[in-house]
Amino acid sequence: MPDEPIWDDLSAPAASVLRVDALTLAFGGVKALTNVGFGVAPGSITAVIGPNGAGKTSLFNTISGFYKPAQGRVLFEGEDITRLPAPKRAALGLARSFQNIALFRGMTVLDNIKLGRHAHLKTNVFDALFYLGRARREEAELRRDVEERIIDFLEIDHIRHASVAALPYGLQKRVEMARALAMQPKVLMLDEPVAGMNREETEDMARFILDVRREWGITVLMVEHDMGMVMDLSDHVVVLNFGQVIAQGTPAQVQADPEVIRAYLGAGDVGELRRRLRGGSMAGAA
Ligand SMILES: Nc1ncnc2c1ncn2[C@@H]1O[C@H](COP(=O)(O)OP(=O)(O)OP(=O)(O)O)[C@@H](O)[C@H]1O
């Protein structure tokens, strides 16, 4: 946790590196998101939580550019990116991981990480023609430095030449994070980073997420069901239910919010909710 709260003034656009504004998204008759708005303060760890089907994945897909909203805007560093395709958003510095690992399983760890850099490769003909010689060599060296730093940081040196398919799940998740970091993002979006992990793997991942912010200065936006982790790591928590933001604030604020309690447990046992909020996953608790 940072010493100073930095998410207090989210009403000011400059306070948010990423901001969604009145987002509405529908699949046929199903409204997945309705008027969703919140800001992500630079340097924060912000979590989006909510019961199953609340709209978390839809929100992530809209922010990263896989879904186009019917209404509303996505602002990245003050710029309206709502109409930009996903790769352009990635190139601006918005990287993400997926709920179900999206790695090239037949390739090695190192090759998967190298692919992360593609978001920054020059693509137009003019650049390609003039992007030669020294500048190119310097970039190759810089890229190798970044890759080595990431491998070292995520403690995956011993598996760099291993095929991803052969790795245990926890390590695959770590490689996915490495690939996202290779894009040198400003904001890292993590979709259920510890889903399916055992306690030890979860603790490792929690440590890496904290270090991503502390050592790399990267802002983190995550969707996660593991409430223990969300409450321990996050500066700011946004709660969705039925596609709407029903609460947001510090972990302590959302845990005490009656609407959040209602959303998760209906008229159920509030003591049980508190226990879950403090200790573990609320997935399926709705
Ligand atoms: N591709 C789709 N087509 C139709 N409906 C969809 C689609 N994706 C999501 N929905 C609907 O939109 C709503 C929000 O779903 P979403 O997957 O975003 O929720 P979620 O909070 O991520 O759920 P979970 O915690 O189970 O992953 C649900 O009612 C879901 O059935």
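**Val48 stands opposite Val223 in strand β8.** The model shown is predicted: local features are given at pLDDT of at least 70 and side-chain atom pairs at pLDDT 80 or more, while totals for chains, interfaces and linings use all residues. Residue numbers start from 1 along each chain as its sequence is written. Strand β3 (residues 45–49) and strand β8 (residues 219–223) run parallel and are joined by four bridges; two strands pair if DSSP finds at least two bridges between them. Helices (H or I, at least four residues) and strands (E, at least two) are DSSP runs, numbered from the N terminus. On β7, Val187 has Thr219 of β8 as its bridge partner, and β7 and β8 pair in the parallel sense over five bridges.

**Strand β8 is covered on both faces.** Thr219, Leu221 and Val223 are buried on one side, and Val220 and Met222 are buried on the other. In a regular strand, side chains alternate between the two faces of the sheet. A residue is buried if 20 or more other C-beta atoms lie within 10 Å of its own, exposed if 12 or fewer, and partly exposed in between, with C-beta atoms placed from the backbone. Because five of the five residues of β8 are buried, the strand is largely enclosed by the rest of the structure. Over the protein chain, 40% of the 286 residues count as buried.

**Six strands form an open sheet with mixed pairing.** The order of the strands is β6-β7-β8-β3-β9-β10. β6 (94–96) and β10 (244–249) are the edge strands, each pairing on one side only. Neighbouring strands of this sheet are turned by 20 degrees against each other on average, direction ignored. Helix α1 lies across β3, β6, β7, β8 and β9 (236–241), at about 150 degrees to β7. Helix α7 lies across β3, β7 and β8, at about 150 degrees to β8. Axes are lines fitted to C-alpha atoms, for helices over the stretch in contact, and angles run from 0 to 180 degrees between N-to-C directions. Two residues are in contact if their C-beta atoms, placed from the backbone, lie within 7 Å.

**Four strands form an open antiparallel sheet.** Their order is β2-β1-β4-β5, with β2 and β5 (79–80) as the edge strands, each pairing on one side only. Strand β1 (residues 18–27) and strand β4 (residues 71–76) run antiparallel and are joined by five bridges. Arg19 stands opposite Leu75 in β4. Helix α1 lies across β1, β2 and β4, running at about 65 degrees to β2.

**The ligand is surrounded by residues including Phe27, Val30, Ala32 and Lys56.** A residue is near a molecule or strand if its C-beta atom, placed from the backbone, lies within 6 Å of it. The elements giving two or more residues to the shell are β2 (30–40) and α1 (56–64). Helix α1 provides the largest share, three residues. By class, the shell has four nonpolar, six polar and one charged residues. Ala, Val, Leu, Ile, Met, Phe, Trp, Tyr, Cys and Pro count as nonpolar, Asp, Glu, Lys and Arg as charged, and the others, Gly among them, as polar.

**Asn35 and Glu192 have positive phi values.** Most residues other than glycine have a negative phi. Asn35 is in strand β2, and its phi is near 55 degrees. Asn35 is partly exposed, with 14 other C-beta atoms within 10 Å. Glu192 sits in the loop between β7 (187–191) and α7 (199–216), with a phi of about 50 degrees. Glu192 is buried, with 21 other C-beta atoms within 10 Å.

**Domain 1 touches domain 2.** The domain assignment gives domain 1 (1–93 + 185–286) and domain 2 (103–183); such bounds come from an automatic or database domain assignment. In the contact between them, 11 residues of domain 1 meet nine residues of domain 2. On the domain 1 side, the elements that give two or more residues are α2 (86–92) and α7. The residues of that side divide into nine nonpolar, one polar and one charged.
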